[in-house]
Amino acid sequence: MGGKEVCVRVNDPKTPFFYADIDTVYKIDVVKCIVIPKAEFDLSFVYKAT
């Protein structure tokens with residue numbers, strides 16, 4: 001991607017779309033960070049080891 005970092009903003013964890021978003025993002029190798037809005041609790045389970 002020309003040296004650019006790809007970040008994806010997913011839906012708020014309180015929405016029914018959050019876990020589907022996370023599942024989809026995990027499958028995309030070029031995504032280097034996930035932006036999670038209104039993260040008010042422990043989200044360490046989202047960590048993706050490279």
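**Close-up views of a predicted model**

**View 1. Lys-27 is an exposed residue, with a relative accessibility of 63%.** Here buried stands for under 20% relative accessible area, exposed for over 50% and partly exposed for the range in between, calculated with a 1.4 Å probe on protein chains only. The side chain of Lys-27 meets that of Asp-23 in a salt bridge, at 3.2 Å from N to O; the term denotes a side-chain nitrogen of Lys or Arg within 4 Å of a carboxyl oxygen of Asp or Glu. Asp-23 is partly exposed, at 42% relative accessibility. The model is predicted: local features require pLDDT of at least 70 and side-chain atom pairs count only at pLDDT 80 or more, whereas totals for chains, interfaces and linings use all residues. Residues are numbered from 1 along each chain as its sequence is written, and side-chain values use heavy atoms, with hydrogens and water left out.

**View 2. A salt bridge pairs Lys-14 with Glu-40.** The N to O distance between these side chains is 3.5 Å. Lys-14 belongs to the loop between S1 and H1 and Glu-40 to the segment after S2, so that the pair links distant parts of the chain, 26 residues apart. Both ends are exposed, Lys-14 with a relative accessible area of 63% and Glu-40 with 61%. Two salt bridges are found in a search of the whole structure.

**View 3. The buried residues of helix H1 (residues 18-26) are Phe-18, Ile-22 and Val-25.** They lie on the same side of H1, because they cover an arc of only 65° around the axis, taken from the directions from the helix axis to the C-beta atoms. An α-helix has 3.6 residues a turn, so residues three or four places apart point the same way. Strand S1 (6-9) and strand S2 (31-35) are among the elements that cover these buried residues. Helices (H or I, at least four residues) and strands (E, at least two) are DSSP runs numbered from the N terminus.

**View 4. A disulfide joins Cys-7 to Cys-33.** The S to S distance is 2.0 Å, and a disulfide is defined as a pair of cysteine sulfur atoms within 2.5 Å. Cys-7 lies in strand S1 and Cys-33 in strand S2, so the bond ties together parts 26 residues apart in sequence. The torsion about the S-S bond is about 130°, which makes the disulfide right-handed. Cys-7 is partly exposed at 39% relative accessible area, as is Cys-33 at 23%.

**View 5. Arg-9 of strand S1 touches Val-35 and Pro-37, not counting residues up to four places away in sequence.** Contact means heavy atoms within 4.5 Å. Arg-9 and Val-35 are 4.4 Å apart, C-alpha to C-alpha.
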